[in-house]
Amino acid sequence: MLWIMRFSGFFTAAMLMIILSPSLQSNPPAEAIRSTYLEKHLRLYRPDSLNRFSFRRAPAFPNAGECGSVDSKISVCDPNLVHVAITLDVEYLRGSIAAVHSILRHSPCPESIFFHFLVSDTSLETLVRSSFPLLKFKVYYFDPEIVRGLISTSVRQALEQPLNYARNYLADLLEPCVGRVIYLDSDLIVVDNIFNLWNTSLGSRTIGAPEYCHANFTKYFTGRFWSDRRFTATFDRRKPCYFNTGVMVIDLDRWRRVGFTEKIEKWMEIQKSHRIYELGSLPPFLLVFAGHVAPIEHRWNQHGLGGDNVKGSCRDLHPGPVSLLHWSGSGKPWLRLDSNEPCELDEQWARYDLHGHSE
């Protein structure tokens, strides 16, 4: 049963109350089988050029009275801003635009949000500006060559794209004055006030994320990893739990002090020679942070809506309240909608889709 509760004010903050079973919280990732589901649909969707993209202009989203006005030329270093980082690429651009739209619609203070877009194609900035003329954002070029030599094959070709690894370099890419950021994947929508996520206490931890300690953690690494004490020792004196890296609150100041980018790169180098995992950019984060994550409510990452990494089949939400819906997995809502094979929850995503001409 799906209850959608709306809290109305100047803006709407939505909460989905779900009572469904079985719970997906303990579902491990798919076995290491390369998927063709997403690639098949992308061949139908991929444009010949950026000129074929058309996005409607979103309405203006001014701050509510209690937020106060914000100077349109505000500095990225202003301490009152909420910082959100998202990647932009051609194949996931439609998802990124919908994610931004959902955040703005459900925030009472949208003018106080600063977006940091990580790109490997700087021409995408124009498309973002056309949909959100008043949006406060900056585009950061991520050079694919930084990680190309560190990437190994994964269960799905989409997971091998260099831009998936840009999150590893947020502390280097963003201005030093940005001490905290929310990192979000491109295949999600936010249906709650993102300021609530921003205000999460990290304590002494560097990152915060919803944890799923009932998942079978051993499946995230190969038998070669678990049979080698040199590798397994990294989890000594830790109780590692799975967490999804598509939604994270990151203390960039602490990240920079400790040098976590180098720690992640070290595991990627080991992977190249020892094949200790199969799942792209996720395992290095687990190796460095699992067991040292500030827990965030599960409502902030209702993930797995894209099915597994093989078929991308439909899935239900976890039981409980929902603040963020995440189509992790190979099934993306815009592809399923375009192919007239939508899942029930894809219609929730469609409410924020700005793709197409204005009527």
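A: The protein as a whole has a mean pLDDT of 85, and 83% of its residues reach 70 or more. This is a predicted model, in which local features need pLDDT of at least 70 and side-chain atom pairs count only at pLDDT 80 or more, while totals for chains, interfaces and linings use all residues. Residues are numbered from 1 along each chain as its sequence is written, and side-chain values use heavy atoms, with hydrogens and water left out.

Now for the part I'd pick: the disulfides. Each is a pair of cysteine sulfur atoms within 2.5 Å, and a search of the whole structure turns up four. Number the bonded cysteines in sequence order and the pairing reads 1-3, 2-4, 5-6, 7-8. Let's go through three of these links.

Take Cys 67 and Cys 109, whose sulfur atoms sit 1.8 Å apart. The angle about their S-S bond is -70°, a left-handed link. Cys 67 lies in the loop between α1 (37–45) and β3 (82–88), and Cys 109 in the loop between α2 (93–105) and β4 (113–119), so the pair ties together parts 42 residues apart in sequence. Those helices (H or I, at least four residues) and strands (E, at least two) are DSSP runs, numbered from the N terminus. Cys 109 counts as buried because its relative accessibility is 13%. For that label, buried means under 20% relative accessible area, exposed means over 50%, and partly exposed is in between (1.4 Å probe, protein chains only).

Next come Cys 77 and Cys 177, joined with an S to S distance of 2.0 Å. This link is left-handed too, with -75° about the S-S bond. It connects distant parts of the chain, 100 residues apart: Cys 77 is in the loop between α1 and β3, Cys 177 in the loop between α5 (170–173) and β6 (180–184). What about their surroundings? Cys 77 has a relative accessible area of 39%, so it is partly exposed. Cys 177 gets the label partly exposed because its relative accessibility is 36%.

Further along, Cys 314 pairs with Cys 343, S to S 1.9 Å. Here the S-S bond shows -85°, again left-handed. The two cysteines are 29 residues apart and link distant parts of the chain, with Cys 314 in the loop between β12 (294–295) and β13 (320–322) and Cys 343 in the loop between α12 (333–338) and α13 (346–350). Cys 314, at a relative accessible area of 49%, is partly exposed, whereas Cys 343, at 6%, is buried.

Leaving out residues up to four places away in sequence, Trp 198 touches Leu 81, Val 82, His 83, Arg 180, Val 181 and Ile 182. The C-alpha atoms of Trp 198 and Val 82 are separated by 6.9 Å, though the two residues are 116 apart along the chain. Trp 198 counts as buried because its relative accessibility is 15%.

Notes. Contact means heavy atoms within 4.5 Å. pLDDT is the predictor's confidence in each residue, from 0 to 100.
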